[in-house]
Amino acid sequence: AGLVIASSPSQLLDQVFDAWGIRPDADLRLMEPGQTLESSFARAILGMSGELVEHRPDFLLVEGDTTSVFASSLAAFWRGCPVGHVEAGLRSGDVRDPFPEEMNRMLTGCIADLHFAPTAEAAANLRRIGVPDERIHVTGNTVIDALLRFSSTARDLPPDLDIDPRSLLVLVTVHRRESFGEPLAEILAALKDLVERFPRVEIVLPVHPNPQVHGAVHGALGGVPRAHLVPPLGYLQFVEVLRRSHLVLTDSGGVQEEAPALGKPVLVLRNTTERPEGVTWGVARLVGTRRGRIVEEASRLLEDEMAWKAMARRISPYGDGRASERIVDAILHRFGLRAERPADFHPTAGHEVAP
């Protein structure tokens, strides 16, 4: 078995590998300053094609909705290598929101032989486009596996992150391409309003290295008291900040899953979400990118303890910590190395998760 990496900026991905003690066999190092979607796609498909020719794998496993996921899947299809898609079936219903992720996962779904859907709703999306039941496995999401493994042990915050333990800590992540420009400016203005309105609020915002995000964030919040603009956190540091948070504001897909599993209310800084289960279960709320709406919804949760408690339930429709087990078993079943098909993940209303 080998691991080839073809996705995130190395400084972000390496932090995750450090937490798990993983060293990839090959790293395509796709990221370049000022790259376009076209150039990153071209480098990904050429790089992965080379790896497929060299190693001739029996199966390619891809996870998520990045451009490198689609490119790798297409390269495998051209080479006759079957593909398994982790996080399959997520749909926002708008091909340009999130962009380009919604189209990436739709196209990857057209190629995949096995679809590892995190939820029953994601599986239903796949059935609606004609994917046969025998190729769909409802597994939960591996992001919950990782979170539950590491969240039970308290850790120190980064030494340069001086947070008053009596404060109301608000964790913010924002990096979506469709938010660049005015939507991001509105989000940042709302964050400034919140720290000015609530003296106990401290914001931690790990700043994505993309220049369009980095410049806007520091321009709007640089020097604002109690707004901590920090470099991207290592995975264990991020989990600890999340664990200590009172409220989470995010446009990230993964954080929409992680925060409810730790009992943290989530305000989703987007107009659509491919993870509607959190909204349905009342632990997440879509608030969009308009300044007034963000301030209104966040203020309610900061001022109204009952409203906060109604969302701060430690439940997760996205997994029980056994997704990776189910994925491995499904692959073994696909190759005849396991007699029985693994049972699907079936959360129920009120389903609690614990480390």
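Me: Are Glu257 and Arg275 buried or exposed?
Reply: This is a predicted model, so take the values as computed from it. Glu257 pairs with Arg275 in a salt bridge, with the closest N and O atoms 2.6 Å apart. As for cover, both Glu257 and Arg275 are buried.

Me: Which parts of the chain does that Glu257 and Arg275 pair tie together?
Reply: Glu257 sits in helix H10 (residues 253-261). Arg275 is in the loop between strand S11 (266-268) and helix H11 (277-280), so the pair ties together parts that are 18 residues apart in sequence: H10 and the S11-H11 loop.

Me: How many residues apart are Glu182 and Arg290?
Reply: The side chains of Glu182 and Arg290 meet in a salt bridge at 3.4 Å, N to O. Glu182 is in helix H7, while Arg290 is in the loop between strand S12 (284-286) and H12, so to speak distant parts of the chain, 108 residues apart.

Me: Is Glu182 exposed or buried?
Reply: Exposed means over 50% relative accessible area. Arg290, with 49%, therefore counts as partly exposed. Glu182 has 52%, so Glu182 is exposed.

Me: What covers the buried residues of H7?
Reply: H7 (residues 182-197) has 16 residues and reaches 22 Å from its first C-alpha to its last, close to the 22 Å expected. Its buried residues include Leu184, Ile187, Leu188, Leu191 and Leu194. The cover includes strand S7 (168-173), strand S8 (201-206), helix H8 (211-221), strand S10 (247-250) and helix H12 (291-303).

Me: Which element gives the most to the largest nonpolar core?
Reply: That core has 34 residues, and those with the most contacts inside it are Leu191, Leu205 and Leu249. The elements that give two or more residues are S7, H7, S8, H8, S10, H12 and helix H13 (305-311). With 7 residues, the one giving the most is H7.

Me: What is Leu191 in contact with, leaving aside neighbours within four places in sequence?
Reply: Leu191 is one of the buried residues of H7. Leaving those neighbours aside, Leu191 is in contact with Val172, Ile203, Leu205, Leu221 and Leu249.

Me: How far apart in space are Leu61 and Val83, C-alpha to C-alpha?
Reply: Leu61 is in strand S3 (residues 60-63). Beyond four places in sequence, Leu61 touches Gly84, Val86, Phe116, Ile327 and Ile331. Leu61 and Val83 are 22 residues apart in sequence, and in space they are apart by 5.8 Å.

Me: Which residues make the nonpolar surface patch of about 360 Å²?
Reply: Val328 is one of them, and Val328 lies in helix H14 (residues 323-334). At 47% relative accessibility, Val328 counts as partly exposed. The patch is made by Val328, Leu332, Phe335 and Leu337.

Technical notes
Residues are numbered from 1 along each chain as its sequence is written. This is a predicted model: local features need pLDDT of at least 70, side-chain atom pairs count only at pLDDT 80 or more; totals for chains, interfaces and linings use all residues. Side-chain values use heavy atoms; hydrogens and water are left out. Helices (H or I, at least four residues) and strands (E, at least two) are DSSP runs, numbered from the N terminus. The expected span of a helix is 1.5 Å times one less than its number of residues. Buried means under 20% relative accessible area, exposed over 50%, partly exposed in between (1.4 Å probe, protein chains only). Contact means heavy atoms within 4.5 Å. A nonpolar core is a set of buried Ala, Val, Leu, Ile, Met, Phe, Trp, Tyr and Cys residues joined through side-chain atoms within 4.5 Å. Patches are made of residues with over 30% relative accessible area and no salt bridge: like charges are joined within 9 Å, nonpolar side chains (Val, Leu, Ile, Met, Phe, Trp, Tyr) within 5 Å. Accessible areas come from the Shrake-Rupley method with a 1.4 Å probe; for residues, only the protein chains shown count as cover. A salt bridge is a side-chain nitrogen of Lys or Arg within 4 Å of a carboxyl oxygen of Asp or Glu.
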